[in-house]
Amino acid sequence: MIDLHCHILPMIDDGAASLNEALAMARFCATDGITHIFATPHCHKYVHLLRDTILPHVVLLNEQLKIANIPVTILPGSEIQVTDTIEYRREFEAGVYCHLGDRKDFTLLEFNWACDQFPSDAAELVRWIRAQNMTPILAHPERYDYFWKDPAKLQALVDAGAWVQVTVDSLIGNHGPLPKVAGEAMLRKYPEAVLATDAHNMSRCSGMSAGYAWVREHLGPARSDDLRIRAESVLASAITAL
Ligand SMILES: [Fe+2]
């Protein structure tokens, strides 16, 4: 299995606090059946991690995983928060962002939790990214109260070509009742979805198998397989670059 959203790089953002914690998370993931993890540290106005910083950290962690004999491969990425679409486009065009796999096929976006920070032209930005032949994947839309209150906001982003990434912890109830309900509704509504963990540490490290098991039970095995295949297509696009 593949995890497309994970804060496993140690001591770089609010994810793994030490190398030991990163290795413990990787060990847990390997036991869960995860073979590839996209490391997606934050890129927002407080922790603004760019590819020049992220890529060497990915190399270092892969070296440590080999030494520790943990059969997991880390791929580069980042979770880019969009509040100002002009600034986003400027940095995008400057080539400083670390998209998934450090490629130009998929990128992981998030929005601020505050509704007033949600860009009014977010759907236009999604269309612009698609016009660059890249697919934006929206991190944890099920966790935003403004998407619960105004589903048309998310619908506009999906109509513009974004995929949605639902979080395993939401589906299994670890983020409370509302993200769980919203996560299920989004998986029912939007075909182009993926699952990921958004793991930050050992107490927030769900693995992927619990998510796929939940989907198999509630939405059927075909949907579970479909979600896995879509995640594998993101990995395939990244691996062709290696
Ligand atoms: Fe995240």
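Biologist: In this predicted model, which strand is the place of Leu108?
Modeller: The model is a predicted one, and its strands are numbered from the N terminus. Among these strands, the one that runs over residues 106-110 is S6. The place of Leu108 is therefore in strand S6.

Biologist: Is Leu108 buried or exposed?
Modeller: A residue is called buried if 20 or more other C-beta atoms lie within 10 Å of its own. Leu108 has 25 other C-beta atoms within 10 Å, so Leu108 is buried.

Biologist: Which residues is Leu108 in contact with, leaving aside its neighbours within four places in sequence?
Modeller: On this count the contacts of Leu108 include Leu4, His5 and Thr40, and they also include Gly77, Ser78, Glu79 and Ile80.

Biologist: What separates the C-alpha atoms of Leu108 and Ala162?
Modeller: Along the chain, Leu108 and Ala162 are 54 residues apart.

Biologist: How many residues of strand S7 are buried?
Modeller: In a regular strand the side chains alternate between the two faces of the sheet. From S7, Thr135, Ile137 and Ala139 point one way, while Pro136 and Leu138 point the other way, and all are buried. Strand S7 (residues 135-139) is thus mostly covered, and the number of buried residues is 5 of its 5.

Biologist: Which residue is the bridge partner of Ile137 in S8?
Modeller: S7 and strand S8 (residues 163-167) run parallel and are joined by 3 bridges. In S8, the bridge partner of Ile137 is Trp163.

Biologist: Which residue in S9 does Val164 stand opposite?
Modeller: S8 and S9 pair in the parallel sense over 4 bridges. Both faces of S9 are covered, with Ala193 and Leu195 buried on one side and Val194 and Ala196 buried on the other. The residue that Val164 stands opposite is Ala193.

Biologist: Why do the buried residues of helix H9 line one face of the helix?
Modeller: In helix H9 (residues 209-219), the residues Gly211, Tyr212, Trp214 and Val215 are buried. Seen down the axis of H9, they line one face because they fall within an arc of 155 degrees.

Biologist: Which elements do the buried residues of H9 pack against?
Modeller: Among the elements they pack against is one strand, S9 (193-196). The others are helix H7 (168-171), helix H8 (177-189) and helix H10 (221-239).

Biologist: At about what angle to S1 does H10 run?
Modeller: An open sheet of 3 strands has the order S1-S2-S4, with parallel pairing, and its edge strands are S1 (2-6) and S4 (73-75). Between S2 (residues 36-39) and S4 there are 3 bridges. H10 lies across S1, S2 and S4, and its angle to S1 is about 80 degrees.

Biologist: What radius of gyration does the protein chain have, and why does it agree with a compact globule?
Modeller: The protein chain holds 10 helices and 9 strands, and buried residues make up 45% of its 242 residues. With 242 residues, a compact globule would have a radius of gyration near 18 Å, which agrees with the value for the protein chain, 17 Å.

Definitions and conventions: Residues numbered from 1 in each chain as written. Predicted model: local features only at pLDDT ≥ 70, side-chain atom pairs only at ≥ 80, totals over all residues. Buried ≥ 20, exposed ≤ 12 C-beta atoms within 10 Å, placed from the backbone. Helix = DSSP H or I, 4+ residues; strand = E, 2+ residues; numbered from the N terminus. Arc of directions from axis to C-beta. Contact = placed C-beta atoms within 7 Å. Pairing = 2+ DSSP bridges. Axes fitted to C-alpha atoms, helices over the stretch in contact; angles between N-to-C directions. Rg over C-alpha atoms; globule rule 2.2 N^0.38 Å.
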